[in-house]
Amino acid sequence: MIQKYIQILKTIGHNMNLSNHDSLAIAEGLATLSLLVLSILLVFLTKFILTHTVYKTVVKTKTQIDDLLVKNRVLLRLCLLIPAILIKTYAADILPHFKAAQNTLLRFNTLYEIIVFVLIIFSIINTISDHYESLKYAK
């Protein structure tokens with residue numbers, strides 16, 4: 001499906017009298033940009049679904065740990081992994097002719113994954129800390 005999308009964009013480039021290399025570069029660049037926009041839209045959609053369904057259910061429960069997970073935004077930070085997963089999955093399909101650009105994209109993706117994992121770990125640690133502070137024997 002991605003190859004068909006790139007081929008359509010490449011054909012549009014040829015119809016605009018661009019060279020083969022230029023139309024290929026523009027087609028793969030637009031495909032990459034489309035993937036980034038799609039992944040960002042999926043993050044917002046997932047956050048919307050979480051805040052309007054899961055969070056309202058979590059607040060109604062009697063347990064405190066799920067409220068702390070919401071307070072420390074653990075689930076929202078997990079949503080930030082969606083772009084990283086999509087880029088890692090489709091980078092080879094989206095930039096098959098430009099290995100240097102593909103490697104650069106994957107390196108930035110790895111950096112992004114590390115930052116998101118650190119944020120998730122901090123959220124989990126804060127949740128554990130808040131839970132411990134709420135216990136009787138912690139005081």
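Because the model is predicted, local features were considered at pLDDT of at least 70 and side-chain atom pairs at pLDDT 80 or more, while totals for chains, interfaces and linings use all residues. Residues are numbered from 1 along each chain as its sequence is written, and side-chain values use heavy atoms, with hydrogens and water left out.

The chain is built from six helices and has zero strands, with helices (H or I, at least four residues) and strands (E, at least two) taken as DSSP runs and numbered from the N terminus. Along the sequence this reads α-α-α-α-α-α. The C-alpha trace spans about 75 × 30 × 15 Å along its principal axes. The radius of gyration, taken over C-alpha atoms, is 21 Å, whereas a compact globule of 139 residues would come out near 14 Å; that rule is 2.2 Å times the number of residues to the power 0.38.

Of the 139 residues, 28% count as buried. Buried here means under 20% relative accessible area, exposed means over 50%, and partly exposed lies in between (1.4 Å probe, protein chains only). The accessible surface comes to about 9300 Å², and carbon and sulfur atoms account for 71% of that; these areas come from the Shrake-Rupley method with a 1.4 Å probe, and for residues only the protein chains shown count as cover. Among contacts (heavy atoms within 4.5 Å) with a separation of 6 or more, 69% join residues 24 or more positions apart.

Now to the helices. With 41 residues, α2 reaches 59 Å from its first C-alpha to its last, close to the 60 Å expected at 1.5 Å a residue. The expected span is 1.5 Å times one less than the number of residues. A bend of about 35° sits at L50 in α2, the bend being the angle between axes fitted to the seven residues ending at a position and the seven starting there.

Helix α6 has 36 residues and covers 52 Å from end to end of its C-alpha trace, close to the expected 52 Å. Its buried residues are Q102, L105, N109, E113, V116, I120, S123, T127 and D130. The cover over them includes α2, α3, α4 and α5.

Helix α5 (residues 81-94) has 14 residues and reaches 19 Å, close to the 20 Å expected. There is a kink of about 35° in α5, centred on K88. L81, P83, A84, L86, I87, A91 and I94 are buried in this helix. An α-helix has 3.6 residues a turn, so residues three or four places apart point the same way. The partners of the buried residues in α5 are α1 (2-15), α2 (20-60), α4 (74-79) and α6 (99-134).

The largest nonpolar core has eleven residues: I6, L9, A27, A31, L35, L86, I87, A91, I94, L95 and L105. Such a core is a set of buried Ala, Val, Leu, Ile, Met, Phe, Trp, Tyr and Cys residues joined through side-chain atoms within 4.5 Å. At least two residues of this core come from each of α1, α2 and α5, and α5 gives the most, with four. Leaving out residues up to four places away in sequence, I94 touches I2, I6, E28, A31, T32 and L35. In soluble globular proteins, nonpolar side chains tend to be buried together.

A couple of loop residues also deserve a look. N17, in the loop between α1 and α2, has a positive phi of about 65° although it is not a glycine. N17 is exposed, with a relative accessible area of 72%. R73, in the loop between α3 (65-71) and α4, is likewise not a glycine and has a positive phi of about 60°. R73 is partly exposed at 42% relative accessibility.

Back in α2, F48 is partly exposed at 48% relative accessibility.
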